[in-house]
Amino acid sequence: MKYWSKSALSIYRYLESMAETVDKRILKTGTSSNSEGLQRYQSTYLQTGQMIEFIERKRKLINLKVAVEDALTGISLNDRRLLVLTFVDGVTSVIVAELMNISLRTFFRRKVSALQSFTNKMIELGYDENFFQDYETEPWFLGVYNEIVSSNIADDFLKRVVVGRMFNQVSKVCVIDNSNICH
């Protein structure tokens, strides 16, 4: 469960932008004319199906955002501050330690503890492994999750490279067409 919750925290800051991208795709799909070569009802039927898929994707984004916010609200102020600075604001470990007036070693110990508190709060609120089953088919989420599980990469690298790469992939695909990640 700790990998699911860490993945959710790592993705959190991109969720709003991802939802906006999905909104744009819904609008584009809904306002585009019927495809040439298809009968009108077939094309409308396909467009409706695509819009329903996009709406389902947005529901997942919103639910994940709510889950992270609920769990963050339920943990101590110090744990929340550390996690928000680290995962949401993207501040490096060294700077977070300085801002919190603690040593780097203490920062890493507190981060482990804060992540455990966050994970426990998610479980307590019902955002457990069953909740995350909804995200097992989402490449944008699984990419980050798999990177976290398969390696012990530094959080700074995770934030800047892995999550950023997944977000860019989602944004490009959602806006350009509805294949792979958005479809």
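Which residues of α1 are buried? In this predicted model, they are Trp-4, Ser-5, Lys-6, Ser-7, Ala-8, Leu-9, Ser-10, Ile-11 and Tyr-12. That leaves helix α1, which spans residues 2–12, mostly covered, with 9 of its 11 residues buried.

Now for the charged side chains. Side chains of opposite charge can pair when their charged atoms come close, and the structure holds 8 salt bridges. One of them pairs Arg-57 with Glu-138, with 2.8 Å between the closest N and O atoms. Those two come from distant parts of the chain, 81 residues apart: Arg-57 sits in helix α3 (residues 40–73), while Glu-138 is in the loop between α7 (129–132) and α8 (139–150). Both Arg-57 and Glu-138 are buried.

Asp-134 and Lys-60 make another salt bridge, at 4.0 Å from N to O. Asp-134 is in the loop between α7 and α8 and Lys-60 is in helix α3, so this pair ties together parts that are 74 residues apart in sequence. Lys-60 is buried because its relative accessible area is 8%, under the 20% cut-off; Asp-134, at 27%, is partly exposed.

For a local pairing, look at helix α6, where Lys-121 and Glu-124 lie 3 residues apart, about one turn of the helix. Their closest N and O atoms are 2.9 Å apart in a salt bridge. Lys-121 is buried at 16% relative accessible area, whereas Glu-124 counts as exposed at 58%. Elsewhere, salt bridges with shared partners join Glu-56, Arg-57, Arg-59, Lys-60, Asp-134 and Glu-138 into one network.

Finally, there's a nonpolar surface patch of about 420 Å², made by Val-94, Ile-95, Leu-99, Leu-104 and Phe-108. Helices α5 (93–99) and α6 (104–124) each give two or more residues to the patch, and α5 gives the most, with 3. Leu-99 lies in α5 and is partly exposed, at 46% relative accessibility.

Conventions:
Residues numbered from 1 in each chain as written. Predicted model: local features only at pLDDT ≥ 70, side-chain atom pairs only at ≥ 80, totals over all residues. Heavy atoms only, no water. Patch = residues over 30% accessible without salt bridge, like charges linked within 9 Å, V, L, I, M, F, W, Y side chains within 5 Å. Areas by Shrake-Rupley, 256 points an atom, 1.4 Å probe, with all protein chains shown as cover. Salt bridge = Lys/Arg side-chain N within 4 Å of Asp/Glu carboxyl O. Helix = DSSP H or I, 4+ residues; strand = E, 2+ residues; numbered from the N terminus. Buried < 20%, exposed > 50% of the residue type's maximum accessible area, 1.4 Å probe, protein only.
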